[in-house]
There are 2 protein chains.
Amino acid sequence: MADTDTDTGAKTPRERYRAQVRAEIKERAWEQIATAGASALSLNAIAKQMGMSGPALYRYFAGRDELITELIRDAYRSLADTFRAASASAPGAGLAELARALRDWALEDPQRYFLIYGTPVPGYHAPDDITAIAGENMAMLLDAAAAPAPDGPVTSTATSTATSAMTSATTALDTDLEGLGRQWADGHPAPAAHLHRALAFWTRLHGILSLELAGHFNGMGFDPGLLYAAELDDLLAHSPPH
Amino acid sequence: MADTDTDTGAKTPRERYRAQVRAEIKERAWEQIATAGASALSLNAIAKQMGMSGPALYRYFAGRDELITELIRDAYRSLADTFRAASASAPGAGLAELARALRDWALEDPQRYFLIYGTPVPGYHAPDDITAIAGENMAMLLDAAAAPAPDGPVTSTATSTATSAMTSATTALDTDLEGLGRQWADGHPAPAAHLHRALAFWTRLHGILSLELAGHFNGMGFDPGLLYAAELDDLLAHSPPH
DNA sequence: AGAATTAGTTAGAGGCTATCACGAAGCGTA
DNA sequence: TACGCTTCGTGATAGCCTCTAACTAATTCT
């Protein structure tokens with residue numbers, strides 16, 4: 001679907017071929033991950049599946065780690081594209097659109113979600129270009145968190161009346177958050193309230209998605225989508241004052 | 001520390017020895033997991049580390065999967081003990097104590113947390129006794145969510161005034177949650193509002209902990225503990241009416 | 001057409017899980 | 001105490017895996 005490599009440059013026929021093989025390797029890798037998880041990814045199995053024997057894949061990827069890193073990169077890119085599309089859908093697209101897009105994206109391929117937000121391997125450090133994409137995503141989230149709700153909360157009938165209750169812990173966090181926007185999204189100047197809402201948005205929705213995709217809601221007969229919608233509404237109910 | 005096996009029965013000297021070896025294996029396994037993650041756990045390495053050669057460990061565990069399952073079981077047990085201790089600390093111990101205990105427990109050994117709440121391996125299904133412990137934990141959480149706050153929120157100065165704003169998504173979830181308590185905690189009859197708060201508590205705190213332990217807050221210079229406290233306060237601010 | 005680059009092969013080292021058959025302890029009991 | 005049964009630990013082996021090295025074959029460039 002997302003042929004990220006097929007159309008890179010593609011000048012000489014060798015590069016074309018190379019890019020195509022790389023893309024097919026990644027495709028098989030994604031299938032394997034979707035069915036058995038990232039830990040069960042086997043270069044050998046992919047090679048055999050493609051009709052060539054073992055070490056041939058090392059012409060295309062330096063090793064298993066590089067392949068997985070590439071998949072992580074693609075996952076981040078895919079999420080960024082999804083966010084971009086959601087932001088472009090409406091002029092003043094806000095958190096609701098992002099939330100919808102995030103959930104759809106996560107449900108589309110749970111293991112891809114876990115490749116980004118799942119259990120980290122202690123030694124691993126993502127390369128800079130990947131953290132850069134993560135920063136882009138954070139920037140889009142911040143933009144949405146800064147934009148006021150169009151006409152009150154979209155999927156909600158609540159009038160945002162309860163905005164004044166400030167707890168001490170919130171103020172403590174907000175002072176910590178003061179003037180921190182510069183480090184996050186490439187020079188994004190954001191007030192603490194926006195950072196705070198962006199963080200709450202991120203952590204709350206991730207909390208639900210993570211537990212849902214991992215199957216922790218399985219026994220209990222309720223609809224995680226409703227919980228997601230309720231939390232989103234609660235988030236939107238405390239909208240920016242203007 | 002948590003010698004779950006050392007003191008099981010211990011009648012004949014053989015059983016004593018066996019239990020002790022099993023405990024040492026698990027100890028080494030925990031060390032390995034803490035430093036390299038669960039996917040890097042190697043029976044062979046543990047055996048070599050204990051001075052015996054490879055297949056000897058199969059006398060004590062049927063295989064790698066059984067050892068990991070046992071570690072997961074111990075992790076759930078440890079969390080249950082932690083919750084129990086937090087609940088027993090004060091007579092009307094509520095969500096605040098549970099939240100504190102959960103965070104301390106998670107930070108104490110992140111990989112142990114991820115063993116429960118991390119990336120699931122697609123094929124795996126936890127045995128019934130493990131899901132039973134998970135149910136116990138849910139029950140304790142529900143108890144805390146049902147208990148009214150002692151004298152207003154503990155770590156907060158907020159007066160819980162904003163309780164009346166009901167969004168449509170919330171009511172949709174609450175009708176879905178109606179009369180669901182029976183399935184969860186062994187016959188626990190809980191109103192929808194309590195279930196809802198328990199779920200919000202769980203998912204929000206897990207969302208923060210998961211991202212924090214995975215290092216997703218690393219670049220951004222704020223204190224995750226403050227975010228945790230702020231979210232907890234927000235949770236407690238919408239306390240039960242009585 | 002010849003030279004240089006690249007693709008893919010087999011062989012092999014070293015790691016892992018897991019099974020099997022065998023010796024070597026230990027334990028309960030006659 | 002001495003016998004027999006049970007259990008522990010061993011080496012050997014099969015079958016995976018990652019990854020390196022040397023070699024062949026195909027393709028592209030000059």
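Q: How many residues surround DNA strand C?
A: Let's start with the ground rules: this is a predicted model, where local features need pLDDT of at least 70, side-chain atom pairs count only at pLDDT 80 or more, and totals for chains, interfaces and linings use all residues. Residues are numbered from 1 along each chain as its sequence is written, chains are lettered from A and ligands numbered from 1 in the order in which they are written, and side-chain values use heavy atoms, with hydrogens and water left out. A residue is near a strand if one of its heavy atoms lies within 4 Å of it. The closest to DNA strand C are A:Arg59, A:Tyr60, B:Leu43, B:Asn44 and B:Arg64, and the number of surrounding residues is 20.

Q: What percentage of the atoms of DNA strand C that come within 4 Å of the protein do sugar and phosphate account for?
A: Here we look at the DNA side, at atoms of DNA strand C within 4 Å of the protein. Sugar and phosphate make up 67%.

Q: How far is a phosphate oxygen of DNA strand C from an N or O atom in the side chain of A:Tyr60?
A: A polar contact is a pair of N or O atoms within 3.5 Å. For A:Tyr60, the value is 2.4 Å.

Q: Is B:Glu97 buried, partly exposed or exposed?
A: Buried means under 20% relative accessible area, exposed over 50%, and partly exposed in between (1.4 Å probe, protein chains only). Because its relative accessibility is 27%, B:Glu97 counts as partly exposed.

Definitions and conventions: A polar contact is a pair of N or O atoms within 3.5 Å; within protein, one must be able to donate a hydrogen and the other to accept it, and residues adjacent in sequence count only if both atoms are side-chain atoms.
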